[in-house]
Amino acid sequence: EDFTHDGVYETQPFGIVDEIVKVGAVPFQPRRFLKKVKRALPNITFPPAAMVRESRSHKYPEGRWERVVMKDYYQAHHKVAYALLTWGLSTAERHTAAMHRGQSPPVKETADAVWAFERCVELIEWCVERHPEPVPSFYFRNLGICHQRLWGMQPTKQEHHEAMIRAFRGYIDVGKDDPKVQQEGGFDAVVDIVRKADAGQQVA
């Protein structure tokens, strides 16, 4: 196995495939990135029965090629959201470090991070609403993280805390019967956040 590309090249989502890019060759610009990849994303209109959650799971059970297409379709959109989420998280970490040093984070970069998290929310919510059952657990987890970060950056917008808890509940609902999900890093922390929210505490 060849690892010589590590740290030299990386992949970015581009439609249903990934594009190979040189690390650091072009700074990641979330708005430009989304505009570019949106043009490459597949645009499929599934038959009416496939658009109803109860029907599509029965009409297209696991093993049918139609279901594989559906899952790949939504996964392609989620990968775009995940790229925005990853960039937003790294940006937020840099901002936190800057504030600890007594420095003010760049205004434009902060605005771009909020924008990236908001677009991420839109993309993942769209996937969750349409994906055949079962919806992948990490869709809910990543959706909750987006709202968690938005609430941290915009603490007056209480709706982000409420949306975070809803998303984390979805993650727990999927994971409660799946040992693999329960073993994921962060699952116990999510359970604790929801438990405290049920007790009337607002934590993130």
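Modeller: One definition comes before the rest: helices are DSSP runs of at least four residues, numbered from the N terminus. The model is a predicted one.

Colleague: Which helix gives the most to the lining of the largest pocket?

Modeller: Helix 3 does, with six residues. The elements that give two or more residues to that lining are strand 1 (9-14), strand 2 (17-22), helix 1 (30-40) and helix 3 (65-100).

Colleague: What makes a residue part of that lining?

Modeller: A lining residue has an atom within 4 Å of a point of the pocket. For the largest pocket, 23 residues line the space, and Glu 10, Gln 12, Val 21, Phe 28 and Phe 33 lie nearest its centre. The space in this pocket is about 640 Å³. By class, its lining has eleven nonpolar, six polar and six charged residues.

Colleague: What lines the second largest pocket?

Modeller: Its lining consists of Ala 92, His 95, Thr 96, Met 99, Pro 105, Thr 110, Arg 149, Gly 152 and Met 153. Helix 3 and helix 5 (137-153) are the elements that give two or more residues, and helix 3 gives the most, with four. About 170 Å³ of space lies in the second largest pocket. Its lining has four nonpolar, four polar and one charged residues.

Colleague: How do you know that the span of helix 5 agrees with what it should be?

Modeller: The expected span is 1.5 Å times one less than the number of residues. Helix 5 has 17 residues and should therefore span 24 Å; its end C-alpha atoms are 25 Å apart, which agrees. Helix 3, with 36 residues, reaches 52 Å from its first C-alpha to its last, close to the 52 Å expected.

Colleague: What do the buried residues of helix 5 pack against?

Modeller: They pack against helix 3, helix 4 (107-130), helix 6 (158-175), helix 7 (179-182) and helix 8 (187-198). Among these buried residues are Tyr 139, Phe 140, Leu 143, Cys 146, His 147, Leu 150 and Trp 151.

Colleague: Why is Cys 146 called buried?

Modeller: Buried means under 20% relative accessible area. Cys 146 has 0%, so Cys 146 counts as buried. Cys 127 also has a relative accessible area of 0% and is therefore buried.

Colleague: Why is His 160 called buried?

Modeller: The cut-off is again under 20%. His 160 has a relative accessible area of 10%, so the term applies. His 160 is in helix 6 and touches His 147, Leu 150, Trp 151 and Gln 154, leaving aside residues up to four places away in sequence.

Colleague: How do you know that Cys 127 is in no disulfide?

Modeller: A disulfide needs two cysteine sulfur atoms within 2.5 Å. The structure holds zero disulfides. For Cys 127, the nearest cysteine sulfur is that of Cys 120, 9.6 Å away, and Cys 127 is in no disulfide.

Colleague: Which residues does a cis peptide bond join?

Modeller: The bond joins Glu 133 and Pro 134, with omega about -5°. Pro 134 lies in the loop between helix 4 and helix 5. Most peptide bonds are trans.

Key
Residues are numbered from 1 along each chain as its sequence is written. This is a predicted model: local features need pLDDT of at least 70, side-chain atom pairs count only at pLDDT 80 or more; totals for chains, interfaces and linings use all residues. Side-chain values use heavy atoms; hydrogens and water are left out. Buried means under 20% relative accessible area, exposed over 50%, partly exposed in between (1.4 Å probe, protein chains only). On a 1 Å grid over the protein atoms alone, a cavity is a set of points where a 1.4 Å probe fits but cannot get out, and a pocket is an open set with protein on both sides within 12 Å along at least five of seven lines; lining residues have an atom within 4 Å of a point. Grid points are joined across faces, edges and corners, and a volume is the space filled by probe spheres set on the points. Ala, Val, Leu, Ile, Met, Phe, Trp, Tyr, Cys and Pro count as nonpolar, Asp, Glu, Lys and Arg as charged, and the others, Gly among them, as polar. Contact means heavy atoms within 4.5 Å.
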